[in-house]
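This briefing is for a reader opening the structure below.

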Amino acid sequence: MHFFRDFLVTLRISLRAKFSWVILCIFLACALGTLLSAYFGGRQPAVVALDVGVSIIRLLMPFLIVMLVQELFFNEFDRRYYLASLTYPRGRCNLLLGRFFAFLWVLIFVLLVVGVLQFGLVVFIDAIYPRSAPAVYGHYYLIVFSFIALDLLVLMALATLLAVVASTPSFVLIGTLGFMLVSRSYGDIVDLLGRDAGLVANSEAYRESLGVLGYLLPDLGALDLRMLVLYGRPEFLPVDWPWLLLSSLGYAVGLLALAVWALQRKRFA
Amino acid sequence: MLALFCFTMFSVVSQWRDLATAPEKTFIEGRVVIAAPLLLLLFGGDRFLAANLETMRLAATGMDLGQADTGYLMRAQQVVAELNPCHEDNYYLANGLLTWGGAAREGTEVLRRASACRFWDELPPFFYGFNKFFFERDKVAAAKYLELAAQRATDNAAGFRKFAIMIQVEDIQDERVALEFLRNERDQAKDPRLKDMLAKRAVRLEGLVALREAQRQYEKLQDKPLQAPQQLLDMGLLEAFPEDPLRLGYEFIDGRFMLKKLKVAGVEDR
């Protein structure tokens with residue numbers, strides 16, 4: 001009951017924030033990116049198209065997340081909407097979690113639509129220049145997108161925490177995007193520094209200090225399993241994927257718990 | 001007023017400085033290639049996006065007026081190979097532009113990474129093996145990678161294995177030992193297509209053995225070197241020149257019978 005009302009409220013807020021235009025722009029960007037990059041793939045246009053399409057989704061969705069979290073959570077405190085929304089006989093925690101899960105469903109829906117759109121486009125491109133092995137594989141596609149959804153869940157939780165805690169609006173944007181950049185890249189950078197030892201003078205020390213980040217940030221780069229769907233080989237699924245799932249989910253839930261706790265403690269002037 | 005004056009003074013002074021100082025242009029040797037970790041960061045932590053866009057960029061800008069900028073490409077394509085070794089366009093371009101453009105070692109390095117990453121693909125180990133044989137004359141490594149390619153291949157397995165065997169046969173100086181080896185391989189081959197191919201080459205080598213044997217007999221009888229192959233027919237040592245099932249034939253160069261090799265323009269036997 002509460003959930004349905006939350007869902008409607010979330011939708012109304014999002015629509016007021018020109019959410020539908022943003023979604024359309026994201027669809028357009030994905031479609032254009034997928035189609036046009038296929039022209040530049042010499043021997044593998046469908047694979048390049050799918051690859052670039054997935055990259056665009058992974059880069060644009062955090063912007064959508066930040067925009068909506070800004071509308072749903074940050075503006076509550078910035079524009080003092082809490083004077084109305086917190087007067088209802090619902091705990092603060094329920095307000096936060098209700099909106100969060102409603103937003104999560106919206107995000108999953110958007111991801112689904114853009115996934116189907118991309119699937120269609122890649123199949124179309126594959127038909128133009130068929131190779132011996134087709135680029136897209138049904139259940140692998142679902143797996144890859146679920147891991148992308150998990151990645152976005154962690155970012156959503158962080159954005160919510162920042163929205164509750166922050167006092168300036170741009171902090172949500174910068175914090176979320178910075179977190180995304182660091183946690184997606186540090187795993188691969190540690191790897192590359194290990195192999196390309198000539199880049200920095202003391203690569204071992206660099207690797208160790210970057211390795212410390214592994215205790216603080218989730219390895220979102222490891223959630224990028226797109227090789228599964230690009231080449232269709234089950235060997236690309238990492239053997240420790242349950243641990244990956246568990247650690248990322250744990251991190252997201254932890255961040256959400258922190259957000260709830262921060263909200264409970266928040267004093268409104 | 002003060003702001004206007006200060007900005008005017010700044011522009012005047014900087015223009016004067018520009019004109020007054022002698023232009024010591026420091027030329028950067030070669031284009032800058034950004035290292036892989038930094039490139040990863042610049043592309044938002046997405047190594048696949050980095051690899052894709054870099055390959056597109058290199059394919060478009062790596063060539064200047066029809067000439068490949070090999071010095072730049074060989075560093076830049078190594079970077080792409082570090083980011084996503086499985087990238088098909090990268091290894092294909094590297095083989096085409098680098099290996100055959102004078103940078104064989106760097107091109108082969110990209111192929112080695114692709115061969116390791118793309119464990120289902122027969123082309124990278126085949127290209128790698130061929131390059132090892134052709135450019136570095138490393139027949140052991142060539143045979144190893146050709147066998148790897150044959151294991152991964154669907155249609156081409158027999159062809160790759162035949163190539164690996166023929167590389168080893170060429171190495172053997174004595175044609176009779178080579179023929180023994182080839183016959184052995186033919187008998188051990190299980191693939192019917194491979195057997196067929198090796199049988200043809202065994203017949204060709206038998207022809208060479210016959211020609212050289214006839215030459216030896218001629219030289220023992222006449223006590224002088226053979227001038228032309230026709231003399232063997234005239235003396236009756238051979239009834240007819242042996243038929244080559246591959247239709248390539250034999251040639252007589254510098255007093256020695258040899259298998260006629262396909263001549264490719266610009267690529268001579270070294």
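In this predicted model, helices α2(A) and α5(A) pass each other in a right-handed crossing. Helix α2 covers residues 19-38 of chain A and helix α5 covers residues 92-128 of chain A. Their axes come within 10 Å and cross at roughly 20°. Angles under 35 degrees count as roughly parallel, so α2(A) is roughly parallel to α5(A).

**Contact of α2(A) with α5(A)**

- On the α2(A) side, the residues in contact are I23(A), I26(A), F27(A), C30(A), A31(A), T34(A), L35(A) and A38(A).
- They meet V110(A), V114(A), L117(A), Q118(A), L121(A), V122(A) and I125(A) of α5(A).
- By class, the contact of α2(A) with α5(A) holds 13 nonpolar and two polar residues, and no charged ones.

**Helix pair in chain B**

- Helix α4 (residues 70-83) of chain B packs with helix α5 (residues 88-98) of chain B at an angle of about 155°, and their axes are 11 Å apart.
- Angles over 145 degrees count as roughly antiparallel, so α4(B) is roughly antiparallel to α5(B).
- The crossing of α4(B) and α5(B) is left-handed.
- From α4(B), the contact draws on T70(B), L73(B), M74(B), Q77(B), V80(B) and A81(B).
- From α5(B), the residues that take part are N90(B), A94(B), L97(B) and L98(B).
- Seven nonpolar and three polar residues make up the contact of α4(B) with α5(B), with no charged residues.

**Contact between chains A and B**

- Chain A has 27 residues in contact with 20 residues of chain B.
- Three elements of chain A give two or more residues to the side that touches chain B: α3 (45-78), α7 (169-195) and α9 (227-231).
- With eight residues, α7(A) gives the most to that side of chain A.
- The side of chain A that touches chain B has 11 nonpolar, seven polar and nine charged residues.

**Domains of chain B**

- Chain B is divided into domain 1 (33-118), domain 2 (120-164) and domain 3 (172-270).
- Between the C-alpha centres of domain 1 of chain B and domain 3 of chain B there are 44 Å.

Terms used: Residues numbered from 1 in each chain as written. Chains lettered and ligands numbered in written order. Predicted model: local features only at pLDDT ≥ 70, side-chain atom pairs only at ≥ 80, totals over all residues. Axes fitted to C-alpha atoms, helices over the stretch in contact; angles between N-to-C directions. Helix = DSSP H or I, 4+ residues; strand = E, 2+ residues; numbered from the N terminus. Parallel < 35°, antiparallel > 145°, perpendicular 65-115°, else oblique. Left-handed = near helix turned anticlockwise from the far one by under 90°. Contact = placed C-beta atoms within 7 Å. Nonpolar A, V, L, I, M, F, W, Y, C, P; charged D, E, K, R; others polar. Domains from an automatic or database assignment.
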